[in-house]
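Q: I am new to this structure and would like to go through it step by step. Could we look at it together?

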Amino acid sequence: MLRRTFVAIATTTALSSVAFAAGHSKDIVDTAVEAGTFTTLVAAVEAAGLVDTLKSEGPFTVFAPTDEAFAALPAGTVEGLLADPEALAAILTYHVVAGKVMSTDLSDGMTATTVNGADITIGTTDGVTVNGANVVTADIEASNGVIHVIDAVILPPM
């Protein structure tokens, strides 16, 4: 637990320094592209037709699954979603909350309504989680919001 917290703080500090140095001149999409660990997410955002939305003024809070999170899905899931832009958009918008929500704004058990319309639940008792997915890096600021990196793809209720 302590090691995970230290790694998360160190990573956040390193990534925040880059963001502050850049003056938050990049939007959420460009920030994700530049990070290099969100290639699947960026491809999915493009396939779902959400690039213009996530480049707009916002602000948005994005709980961004890493490439490893997408790779952990059952075989064929990502390919199937890429072929179904409507289902893909429903899942991706479940990772987005309107407004800029920083980690200091989070509390245990709080819920937030996503752009999808369904709620997510935040946990803070053993690290920060979103519907059970761990926040591995928080507060990556962009010109139109903030990104919190998560280690799993969260799925909206059916």
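Q: To begin, in which helix does T31 lie?
A: T31 belongs to helix α2. Please note that the model is a predicted one.

Q: Is T31 buried or exposed?
A: T31 is buried, because its relative accessibility is 14% and the cut-off for buried is under 20%.

Q: What does T31 touch, leaving out residues up to four places away in sequence?
A: With those left out, T31 touches K26, I140, A142 and I147.

Q: Which backbone oxygen does the side chain of T31 reach?
A: That of D27, at 2.8 Å.

Q: Which strands does helix α2 lie across?
A: Helix α2, residues 28–35, lies across β1 (60–65), β6 and β7. Its angle to β7 is about 40°.

Q: I noticed I140 and I147 among the contacts of T31. What is the bridge partner of I140 in β7?
A: The partner of I140 there is I147. Strand β6 (residues 133–142) pairs with strand β7 (residues 145–150) in the antiparallel sense, over five bridges.

Q: Moving to the sheet, what is the order of its strands?
A: The sheet is open and has seven strands, in the order β2-β1-β7-β6-β5-β4-β3, with mixed pairing.

Q: Which strands stand at the edges?
A: Those are β2 (96–98) and β3. Each has a single partner strand, so one side of each is left without a neighbour in the sheet.

Q: How many bridges pair β3 with β4?
A: Three bridges pair strand β3 (residues 111–113) with strand β4 (residues 119–123), in the antiparallel sense. A112 stands opposite I120 in β4.

Q: Which residue takes a positive phi in the hairpin of β3 and β4?
A: G117 does, with a phi near 105°. Five residues lie between the strands of that hairpin.

Q: And in the hairpin of β4 and β5, which residue takes a positive phi?
A: There G127 has a positive phi, near 85°. Five residues lie between β4 and β5. The two strands run antiparallel and are joined by two bridges, with β5 covering residues 129–130. I122 has V130 in β5 as its bridge partner.

Q: A change of topic: where is L50 placed?
A: L50 is in the loop between α3 (39–47) and α4 (51–55). With a relative accessible area of 15%, L50 is buried.

Q: What does L50 touch, again leaving out residues up to four places away in sequence?
A: L50 touches V45, A89, L92 and T93. L50 and T93 are 43 residues apart along the chain, and their C-alpha atoms are separated by 8.9 Å.

Note on methods
Residues numbered from 1 in each chain as written. Predicted model: local features only at pLDDT ≥ 70, side-chain atom pairs only at ≥ 80, totals over all residues. Heavy atoms only, no water. Pairing = 2+ DSSP bridges. Helix = DSSP H or I, 4+ residues; strand = E, 2+ residues; numbered from the N terminus. Contact = heavy atoms within 4.5 Å. Axes fitted to C-alpha atoms, helices over the stretch in contact; angles between N-to-C directions. Buried < 20%, exposed > 50% of the residue type's maximum accessible area, 1.4 Å probe, protein only. Polar contact = N/O pair within 3.5 Å; in protein donor to acceptor, adjacent residues only side chain to side chain.
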